[in-house]
Amino acid sequence: MTKATDTQVGGSHYTSMTIQPLEFIMANQMAYCEANVIKYISRWRNKNGVEDLLKAQHYIELLIQAANEDSSEDAKGNV
């Protein structure tokens, strides 16, 4: 039986990996931004180079922003 992760449209940058990013992401129930960091950091050498690193960096910055906003909201609620 063929699994969906056995095939890839547009290259082999995921199917050539021992553990595909999607399998790791799903097993760890990661949220969207976290999942994109894993995706881009995993493929950068075999797909878009530094562009993928910059994409991963962007999602990390979004996570930091969200974490800072959450902690700011927590601080307001504890006053």
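Me: Is Lys-55 buried, partly exposed or exposed?
Reply: Partly exposed, because its relative accessibility is 26%. Buried means under 20% relative accessible area, exposed over 50%, and partly exposed in between (1.4 Å probe, protein chains only). This is a predicted model, where local features need pLDDT of at least 70, side-chain atom pairs count only at pLDDT 80 or more, and totals for chains, interfaces and linings use all residues. Residues are numbered from 1 along each chain as its sequence is written, and side-chain values use heavy atoms, with hydrogens and water left out.

Me: What does the Lys-55 side chain meet in a salt bridge?
Reply: Glu-51, at 3.4 Å from N to O. A salt bridge here is a side-chain nitrogen of Lys or Arg within 4 Å of a carboxyl oxygen of Asp or Glu. Both residues lie in helix 3, four residues apart, about one turn of the helix. Helices are DSSP runs (H or I, at least four residues), numbered from the N terminus.

Me: Where is Asp-52, then?
Reply: In helix 3, which covers residues 50–77. Asp-52 is buried, as is Arg-43.

Me: Which residues is Asp-52 in contact with, leaving aside neighbours within four places in sequence?
Reply: Tyr-40, Arg-43, Trp-44 and Lys-47, with contact meaning heavy atoms within 4.5 Å.

Methods
Helices (H or I, at least four residues) and strands (E, at least two) are DSSP runs, numbered from the N terminus.
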